[in-house]
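Here are my notes on this model, as numbered points. Please read them with the coordinates open.

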Amino acid sequence: MRLRKVTPNAIKGYAMTEMETEIKKLPADVMKSIFATWGVTQQHYRELEKKASDPVEVLARFAERDETERRMLMILASTAHEMESGELAARFDSGAKKTQESMNHIDALVGAGFIYLHRKRGRLNQVEDKVFLFPVIRQALSVLTVRDKQKLSPASPVFEKTIYKKYERDILALYEAGGSFIYHHGNGSMPVATIAALARAGILSAYIYDHTPPSVCGVLNHPVVAAIERREKTIAARLSFVHNHYALINDIERFLYTVEEHRIRKLKNGAFDFSLLEKSEYMPVTPGMTNAVLHSLAALLNLVCLNEDNELALNYERFYDWCRKDVKEKMDEVHGCYRDRLVDIETLKEIIDSHQGPLGIPSLTAEANRTLRKYTAADIAEICRLLMWFGDVDLGIDEAGETVSIRSHERGGDMKCLVNNNFEVVLINPGAFDAEFLYLLASMARCKDRGEIFTFELSEESVLRGKYFLGAFYREAMDYFIEALAARAAKGGKSLAKNIETTLRRWYDRHPNAFVRMSAVVIELKRERLDEIVHVAQKEGITIAPLAPGYALVTTPVNKRKLAKLLRKEKINVYFI
């Protein structure tokens, strides 16, 4: 039995394409040259058509042509009819020598497989060459070119939703990059096949412009940009926004307070073991904050150091100076820790402030990337986090915990401060309260819940900690705190119960502050507690001699940590001045 080779024409129902019809009209030598140029087996017309219509293949070959040949192809792609080779050559040069050079360019394009010539003999044996651009190549080039390189192709009023969904990640990345891109052949982040698919779907306008090497420029069409922005607003309407007021300062001070209570050792790898601080009462309330980051901030602020036992300890002299500042001065110092990011922080803050209401993270990234600086997604995430830490913005968090929207901090709406008899303080609409009051409350109470409603718990231990950080700045910190708490409760139609006020004052007065002058190791303390401390210190081998009412002299050598530990054990806050 003889086997017969089956050609495409032998298949029943086979229909020739326009390109195949055109090629079959050509002389055999020209046809053979076209298949060889595109690297396709002879007579495999569909494979040739597929390859010649692939934008990646077309762009690769286009990029190899010189400027004149690229311009010729752009003219042919924008012309609906065939053109004589002499006419095409005459568009570029004048004079016989120049015209011949243009004819050589046309021959080069034939060799590259972009065009073919159909020769026919006219009157007086004059040869007339007609230049043809294959339909599929015309289509591929028309996607990536426009007639006027100074203008973008007109945006389509509609775009294909299925293609948008398929390439949504690429489209959002392009939008965040500023909504436009330039693709240099062989050096582009978006594949040319993707560019072509998006252009055909009406999602972006793209064209090749003269450059060395040839480049593709693309811009998202306005309907696509509008759809992205509408989606951002729809998402923002369903989000709950997080505001951080001065919670970062509260977290730093809570960290400093626990440094004295725990032996936090430095490990061999240079890191610190914060496993002891993983209990809920020691965890930061600022979103995205960790004890490791708090340590780095405290170190930059020169508030902590290593002691002789290679353990983390307070830098006592610097700590006293910190406690004497108000919360705004403390926040200014924290800003200084990020001075290398201040330009970026100000840039994004200006963009956010210029918008009414929430701004989606993609839109923020897009606007930021239209400035002279370029930002990655990681840059934007870091700067947004810093803005939230500083209390300048509200972050919109989705169900997955991702930041998807941001807005300037908005204060307003009805707010209520409820002080319950179990010493719980509940804030309804916490973002409407002033930041200084929130700082005071978070200093004097432990934060139990920080969602859409804030819940704090007052206790003797929390008041002692609050006194440590407020007592050096506010002469009568508890008077100031009770006055602020009662005023906010009254705005909600409730008064502060007398037993709450009395108990808070008793807790506050029970634990005095001690001021230790290390130049002579003099302790300044209330007289009744000083007598008690003299007795306790003697049991620990520390001799403290009373000097005058409220003052005593430490006469035995003792380091600061040991003395601070002794006083803290007796519920006395220590300042070294």
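1. A disulfide here is a pair of cysteine sulfur atoms within 2.5 Å. The structure holds zero of them. Cysteine 417 is buried, at 1% relative accessible area; buried means under 20% (exposed is over 50%, partly exposed in between; 1.4 Å probe, protein chains only). Cysteine 337 also counts as buried, at 17%.

2. On provenance: this is a predicted model, where local features need pLDDT of at least 70 and side-chain atom pairs pLDDT 80 or more, while totals for chains, interfaces and linings use all residues. Residues are numbered from 1 along each chain as its sequence is written, and side-chain values use heavy atoms, without hydrogens or water.

3. A nonpolar core joins buried Ala, Val, Leu, Ile, Met, Phe, Trp, Tyr and Cys residues through side-chain atoms within 4.5 Å. The largest has 103 residues; Leu256, Val334, Leu364 and Leu427 have the most contacts inside it. Apart from it lies another core of 33 residues, including Val30 and Ile115.

4. Aromatic rings of Phe, Tyr and Trp (its six-membered ring) pair with centres within 6.5 Å; planes under 30 degrees apart are stacked, over 60 edge-to-face, the rest tilted. The whole structure has 10 such pairs. Phenylalanine 159 and tyrosine 164 are tilted, at 5.7 Å and 45 degrees. Phenylalanine 319 and tyrosine 468 are also tilted, at 5.0 Å and 55 degrees. Both phenylalanine 319 and tyrosine 468 are buried. Ring pairs link Tyr257, Phe319, Tyr468 and Phe469 into a cluster.
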